[in-house]
Structures are given as C-alpha cells and as structure tokens.
Amino acid sequence: MPDLLLELFSEEIPARMQRRAADDLKALVTNALVDRGLTYEGARAYATPRRLTLHVVGLPAKQPDLREEKKGPRVGSPEAAVQGFLKSAGLASIDEATIQSDPKKGEFYVAVVERPGRATPAVLAEILPGIIKTFPWPKSMRWGAASAEPGALRWVRPLHSIVCTFGPETEIPDVVRFEVDGIVASDFTRGHRFMSPDLVEVRRFDDYVSSLEKAKVILDADRRKEIIRTEAKNLAFARGLELVEDDGLLEEVAGLVEWPVVLVGSFDEEFLDIPAEVVRATIRANQKCFVLRDPATGRLANKFILVANIEAKDGGAAIAAGNGRVVRARLSDANFFWQTDRRPLPEYHDRRDLKPLDQRLERLKALKVVFHEKLGTQGERVARIVALAKQLAPLVGADVARAERAASLAKADLATEMVGEFPELQGLMGRYYAALQGEDPAVAAAIEDHYKPQGPADRVPTDPVSVAVALADKLDTLVGFWSIDEKPTGSKDPYALRRAALGVIRILLEGSIRLPLMKFLDDAIVMGKLTDGYRLPEMPRPAVLRDLLAFFADRLKVYLRDQGARYDLIDAVFALEGQDDLLMIVRRVEALGRFLATEDGEHLLVGYRRAANILRIEEKKDGVTYDGTPDPALFAEEEERALAAALAAVRRDASAAIAAEDFEGAMRVLATLRPSVDAFFDKVTVNVDAAALRANRLKLLNAIRVATREVADFSKVEG
Amino acid sequence: MQAPEYLNPRRSFQGLILTLQRFWAERGCVILQPYDMEVGAGTFHPATTLRALGPKPWRAAYVQPSRRPKDGRYGENPNRLQHYYQFQVILKPNPPDIQELYLQSLYAIGIDPAVHDIRFVEDDWESPTLGAWGLGWECWCDGMEVSQFTYFQQVAGFECAPVAGELTYGLERLAMYVQGVENVYELNFNGREGDEKVTYGDVFLQAEEEYSRHNFEFADTEMLFRHFRDAEAECKRLLAAGEPDGGGNYHLHQMALPAYDQCIKASHVFNLLDARGVISVTERQSYILRVRELAKACGAAWLKTEGGGAAAA
C-alpha cells in the first residue's frame, strides 16, 4: 500500500506552536482523506523549527469505485420527463438505462451510474491547498510582494517550499502535483540552515528521515528532547553536578533546534550570592538555559547547560564563551538590582530611620503609584491592608505588632529594581530584603506568603502572621473590586478575584480558622472609606456584602466539588440567616451530607418535601401563609399530638446542638423526627372539609419546615 | 577594496556602522541619516512608520539614536543605556531571501555562522503607541539578542499591503560581541589604538550620567505634562488643517509629516514622564492610547499623500 509524505518548509516556527501544528496537520489531512473514502493504516506528524511533516502509511492507490442506481420515470412517461432523467443521470440515450419492474409502480427506468474512484494523488492535490490556506495557526502573517493583494496566503512565517510524494514502497514514488500561491510541490527540501543548506532530494519517508539526518536535521522532536536530556545529564555528571530538570524549558529548547548540540557554559562564582531563584529565573527566562546544582548540597553551581543548533568548527568554544558572556551580563544586571535594592535610595539618604525596604515603601507611596484608578494608590492600599491585618491578627492567633509590620512591608518590593525586572519574583524578593534588614522571621515569611495560595496546587500559608496578612490582602482586594462593580464575568477575571476568594477559603478551611466573614468584609469597606484615594463604594454597602457572600458560596461549592465533597448542600446552609463562618458552614454541610445518606435522613427529606409541597399548593390556593403556631386544642389524632411534641423537642434540642456547634448531634436530633412525620402522613389527612382542622394541620406542616430550618434549609437540597 | 584596519567592524564601532551601511547600500537601500527628533526606537523614524504604509516599494537603511529614559543607569551598568544606537533596515515588500540577506550582513561584520550559533527565536513585535504589530524573531548570536526581525502586518492601525520586512540591529550589543568587550563603555569607537583610541565611554559616559539624573530626578514633570498636551493638540490641529478639502485646491493631505512629528514628541514626553514614575499603571494605558490615536490619525493622513500612494487629482 502506498504512503504519503508531506513536508511544509518555512522560516522559523515558534517553538510553542510546533507540536500543536503537527497534530493539526495530521488531523486535517487524514480527516479529509477519510471523508473521501481513503482510509489509512497509520499516520504520524513531526515538527522542527523549520518544517511540519506528515507521514501517512497504507493508503489505497485510488478511491473505491462508486456504483449508484438512480430511479427514473415509468416506461412510457412523457418525453420531457425522460429527457430530464437522462440529463440528471448523465446518460446519452435511454438505451443506456435498464428497466426494472415493481408490482406497484410497474416498469420504470433505472440508470446505473458507475463512478470510478479517482487516483489518490489527484484527491491529495485537490485537498491539500485548501488545508494549507486555512491552516489554524494561532497567529499567522502575510509576506512578500504577494501580500499587496487581498487573499494572499497566510502562514505562521513565510512558507518556502512543499514536498509531497505518494507511492508504494517498492517503487519510486510520484510527486503529487499541486501549487499554493506560487509554491509548487516537489521532492526537494533543505537540510540544516548552516550545516547543510543545499537542496536534498527525497523519495519517501524512510530516506527522507535518513537524508535529513545526514543533512543535520533530526525530524522527531521527542528524539531531540531525549538527546538534550541525556547529553545534559551526562555533561552535568561528568562535572560532579546534577541537572535541575525543567520539562517546560526542555520542550521549548527542542523546538528551537534542528540539530541539538549540548554545551556547558559558566559564570563567576560570586553571582551565586544572588538568591538561587533569581539566578534560575534569569538564566531560564532570558537565555533558555538549564541550571545545574551540586547534588551534595543542593546549591546551584556556577555552570549552566546551553543547547546550540550547530556543530561549530571550533567545537563550540565560541558559542559556550558567548553564552557565558550573555549570562554574566544578565546576572550582573540581576546583581546590580540585588545590591541596589539593599542600599538606601538617593531621595532618602538623610532618613537614617528608614531601612532600605521601608524606603521602597516610602517611594511607592511618594510616587502615588495607582493600584486602580477607582481604588486609590498602592500606598493607600497598603494602609488598608495594615488596618485590616491588625484586626484579623487576634482572631488567627497572630501577634498584632508583627502582623502590622508584615502588612506594611508586604508591597514594598514592588518598588525594587528586581521585581521591576522579574515581576514573578514579587513577595519572594520582599522576603529576602526583609530578612537582610533584620526583620522578624515571621514578618519576612509573611511578605512572601501573603500572596499565597496562587492557585489550587499552591501552598497555603500557615504561620499566623502570614495568614493575617494574606487574608487582609485578599479581603481588601475583593471588597474593593466589588465596591466598584468590577466583578468576574464568564471567563474574564482580570483581577484574579476568583483566585483571591479561593485563597481565603483554603486558608480558613485548611487552617481550621474560624472567621466571621461578614464582619471583616464590612470592616474592609470601612477601611476603604478611611483612606483618601479610595472612593466610596458605588454599590450600596449591604448589597456589596450580600453579593460578595454569595460569590464566596459559589467559590466554596467549586472548591468542595474539586475536593470530591458534596457541594450541593452549601445553599441549604447559606440560606439560613447569618451564616458567614466558612469553617462552620463546611462542617455543617458535611454533617448534613452524612445524615441525608442515612435511611432516617432520606425519609425525613421525603417527609419534608411532602409537607412543603402540600403547603405550597394550599397556600397558593388560599392566598395565605400558614405560619402560625398550631393550636393543640384542635389536634384530633394522636399522630398530630405526637408530631407537635416531637417538633417542639427538635427545635429545642437542635438549636441547642447547633449553638454548641455539635452538628452531628443536631443531625441525630433531626433523625428523631422521622417516625412522627412518617406516622402523621400515614394516618392524618390534611385537606379535610372542616376548615379550622385543615388550617391547623397546615400550620403543623409548616412547623416541620420551621424545625428543620434550625439545621438547614431543606428546600435547597437537590437530588 | 580592503578597508583599513581602523574600520574593521571587529575593532571599530564606527567601522561596524559603516560596514552595515555599505552592505545595505549595495542591496539597493537609500542610506538615510538619523531623524532629528528624540525617538524611542528606529521604527519611529517616518522612513519606517509612514513609508511602511501604502503600496509604494521602499528600501532604506539608517542609524537611529534611540532614547529610553527608563533604561538609564547613571553609567553604572555595563549593558544598559538610556541613549543608544539602532541600525534600521526597511525593505518593502520584503524580498523572499530577506533572512539570507540578514545572515550575509552578519557575515559582513565578522560573525561567521559556521562558528557561532545563530537562531531565530519567536518574538512578535507590537508597538501599542504606534498601533503597529508584526510577526518575526529576536535574532540570537550565541544566546545574545543582536537584532529584531519583523514582518510588519499593521502600522498605525492600517494593514501593510505589501508587507515590509524590518531589521533592527542593536549596534552597541553587536559591537560588544564582535569586539569581545563586556562593558559598553570600553567599546573602541574609532578603531584606533593608543593615544588615538576613543572609547564609547569617552563619548557617552558623561551623557549617561547626566541624562539619568535628568530622566529620573530632575525633569520638570509639570512642564512635561504640559508639553504632552501641547504636542497632542498641535498634532490634531495640523491634521485637521492639512485635510484635503476635496473640491478645492488640495486633493492630498498637506501636513501628514509635521503632524507626525508632534506624535513622536508626545511619545517621547510620555516616556520621560514614565521614567519619572509619575504615571501609574492605569494612567499609562490611557496615555498610550492617546499617542496611538495620534499615530493612527497620522497614518491615515499619510495614506492621503503622494508618499502614501494617493494619486493627485
């Protein structure tokens, strides 16, 4: 069976797009082939910085023949009908049609249209130009003189040539002839840009791969990755070091070379005084190089791994030296920041009372850097966070003075050079600089940790000082953006407010911290009013609080769902007034979930729903609510009296248990209700003719609703 | 013709510039001189920004002193300057072998691709202030970014038809590399030795110190805010005054270039204000937007001129 080889050769394709593009090419071509009756045995796509290649194995040489019968008019139909039939079936005369008969319709003409399958190369020549012209690159461009005209070919970077051959293994394959915007498919490609720039003639996939390899191109990205990984580890090992593995970087680097040559570069040891995170960020982000460490100490070494794209004439000496120089220049930049940030600022040289990080805070304030145009400056934001952190500190067991200090320094590193250069190091740098100026360790740690958790997988701060500042920062952010009505919508959450709320939830739940959320949200609003640049909320305060609490409820549901916990009961608890202690809400939800899973729970829920349904219907019909206390004098049946007594006991005992935060106990109390509810529905008819009796029984049903609300709003329970 | 040793691009900063100029002159470029205004990059030169618009072919190369007030380091950083040189090449439409031409130009200045690792690393270019974007690469030589390579797709909010290829060489970095110097101030400027040698530091160190002071500490922000408003207003006024009046004497825009000067001015004033740290993150956006509106209006005006391809009635 014949194979297809397709190569699209262009200028350098961005590394991050290569893998996806190869997958897209495979899917687009094979789907188009299958749609046209051309099934195949296997297909694989490849990418290098300069080419996308597709190999499809085991294609038929031609499409299957199609045989189609077209029913025509009855024999003896008017001439016009016969002519119309001949035309539609593509017949020259009626003699070419056969006659079939049918008991109902009698004799009629049938045209057998045989469409012989087309040769696969012809099909390919038809489908490939369209696939190339509409290829789904994330970003594409026009180029050259052709770009003056509308509708010019777009590609990720200029497309230069196309290889397309088709044929069986035993023969020399044919070139599939087609053309896209002046580029004619052929059987020539090119090798490595510098090491083998001449044309390479190819036949089929096997010799294509080996010819490319001779021309210093390794087609398969996974092989390039493996070569880089192995070589890097070997080079590290030979120097008594260990590679700091980095899969994201490896994938990227493999997309930057056609012929990986792994080399070792070095930098001055003195740069190792810079924090390791900074060294790594510098070398990774700017140079796309790997760092090495000493396996014994875990400390970074003053060597790095670089991946070149060429076997240089001098064995790579110039390349390693050049990369080393660039790394040194970048590290000396970083070192300059690292040193500068620890020195006094020129504008505060006479303020001996201010330590370096405090000076950065002063600069942040003095420059009136805006946090958000409606939410004041960073300085004002810091003042709010400080005030809030002081209030939160006692509740989370933090020392107030430390929490205040940590909060006041939390954002100071935004005014440092290092964070200006590497924004991803915010917090971490503040921690380093704080420790260097002798801050309490808990204060220094809080500067880094108050940003945490950054995502679902990130660490949650546990030290009380960190917790106080982290909560203050997040609550201030949430309240601020809520007050100016900048809430997340759909997939848009530019201020990461969902992450902030989830952060609060995780800090409270994972740290088993109790917090009256409403009070602190309200406090946060009050803090906001105290600072100058912060405008009064545009939304009324109760509305902000209510809405924000509902947002927390939503986030809490998402969190519990991700934890695999029962999350549909959140509303049942949130629906009760004054529920804003997330830890207690979750505990109660858990207890409620366990209770509803028992037989007692299930039955009680059924009974509750029955009561609620009857009430809803009757209250609607009568236009009144039956929310009064049932009159014991009107109880006619024993079951009514028993239910009333049970309800009274449940209200008393359940509310006592809830008050004592004994949620399991409250559920046990609820369970005692089940027999009397069941018995009531078994024996007692609610809708009787006697009006007073009926009203009293409806009030009794309402009492079930009231009693269960001591624990949860059962109307919100799903399923 | 063998150039004298003092013009060898591997020894002389000016030799490097002259070599590039000669290289591109031989490939049909007009060799322009720097634009006589403060700009943040060679792209701002009307020979790039405006000439990239419209159907007319254009090939030019020039050195452009570029000012990035925020990058000042008081002369203390060996790699960062608030004033530096870019060598800019614009080829419209881009020739099919533009990558090859670029590599040949590197060879001309002494970078042998058989010894060095030259790479085209994705870097999509966007100038929010110019309303321009393009796709291309940073060109790396042994891990150092030595050039920017961009296929302009849009400038001043208009599609480029045809597309121009833009090459921007960072001259100091390139010179540091070929001269094997780690500190920009040690670059040999004139290629001479001994008493005759002039270094980059001799020429520019004092300027870096003084301008860093100016950019970060002393530039009068009240005045700059005023200059920004003035340039903005003047740009708009010139654009309105130069509009073709259709039926009258003028069928073409009369003042696209002077208006564009004011746009450049506003952009530089904004950069100074930014360096002074008096523009907040959110305000930044609105300033950038204001400059972009000017750039777009200037581009639109340019397309109504002869240079922009409009035909006089």
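The model is a predicted one, and a search through the whole of it turns up zero disulfides over all chains. Cys235(B) is likewise in no disulfide, although the nearest cysteine sulfur, in Cys298(B), is 3.8 Å away. The cut-off for a disulfide is two cysteine sulfur atoms within 2.5 Å. Cys235(B) counts as buried because its relative accessibility is 0%.

Chain B also holds a well-covered strand, β3(B), made up of residues 83-92. Ten of its ten residues are buried, so β3(B) is largely enclosed by the rest of the structure. Both of its faces are covered. On one side the buried residues are His83(B), Tyr85(B), Phe87(B), Val89(B) and Leu91(B), and on the other they are Tyr84(B), Gln86(B), Gln88(B), Ile90(B) and Lys92(B). As for partners, β3(B) pairs in the antiparallel sense with strand β2 (residues 58-67) of chain B, over ten bridges. Arg67(B) stands opposite His83(B) in that pairing. Strand β9 (residues 165-170) of chain B also runs antiparallel to β3(B), and six bridges join the two. Here Val89(B) has Leu167(B) as its bridge partner.

Setting aside neighbours within four places in sequence, Tyr169(B) is in contact with Tyr85(B), Gln86(B), Phe87(B) and Val89(B), among others.

In α11(A), which covers residues 400-409, the buried residues are Ala403(A), Ala406(A), Ala407(A), Ser408(A) and Leu409(A).

Chain A has an open sheet of its own, with four antiparallel strands in the order β13-β15-β16-β14. β13 and β14 (261-266) stand at the edges with a single partner strand each, so one side of each is left without a neighbour in the sheet. β13 (residues 242-243) pairs with β15 (residues 290-293) over two bridges, in the antiparallel sense. In that pairing Glu242(A) stands opposite Arg293(A), while Leu243(A) has Leu292(A) as its bridge partner. On to the next pair: β15(A) and β16 (residues 300-308) are antiparallel over three bridges, with Arg293(A) opposite Leu300(A). The hairpin of β15(A) and β16(A) has six residues between the strands, and in it Gly298(A) takes a positive phi near 80 degrees.

At the level of whole domains, the assignment for chain A gives five entries: domain 1 (3-61 + 119-214), domain 2 (66-115), domain 3 (221-340), domain 4 (356-565) and domain 5 (592-716). The centres of domain 2 and domain 3 of chain A, taken over C-alpha atoms, are 76 Å apart. Residues 607-706 of chain A carry the annotation "domain: DALR anticodon binding" in an unreviewed UniProt entry. This span is 73% helix and 0% strand, and its end C-alpha atoms lie 14 Å apart.

Leu212(A) gives a closer look at helix α4 (residues 205-214) of chain A, where it lies. With 0% relative accessibility, Leu212(A) counts as buried. Beyond residues up to four places away in sequence, Leu212(A) touches Glu7(A), Arg51(A), Thr189(A), Arg190(A), Val217(A) and Leu219(A). Pro116(A) is 96 residues from Leu212(A) in sequence, and the two are 38 Å apart in space, C-alpha to C-alpha.

Note on methods:
Residues numbered from 1 in each chain as written. Chains lettered and ligands numbered in written order. Predicted model: local features only at pLDDT ≥ 70, side-chain atom pairs only at ≥ 80, totals over all residues. Heavy atoms only, no water. Contact = heavy atoms within 4.5 Å. Domains from an automatic or database assignment. UniProt positions renumbered as here; feature names shortened; annotations may be inferred. Buried < 20%, exposed > 50% of the residue type's maximum accessible area, 1.4 Å probe, protein only. Pairing = 2+ DSSP bridges.
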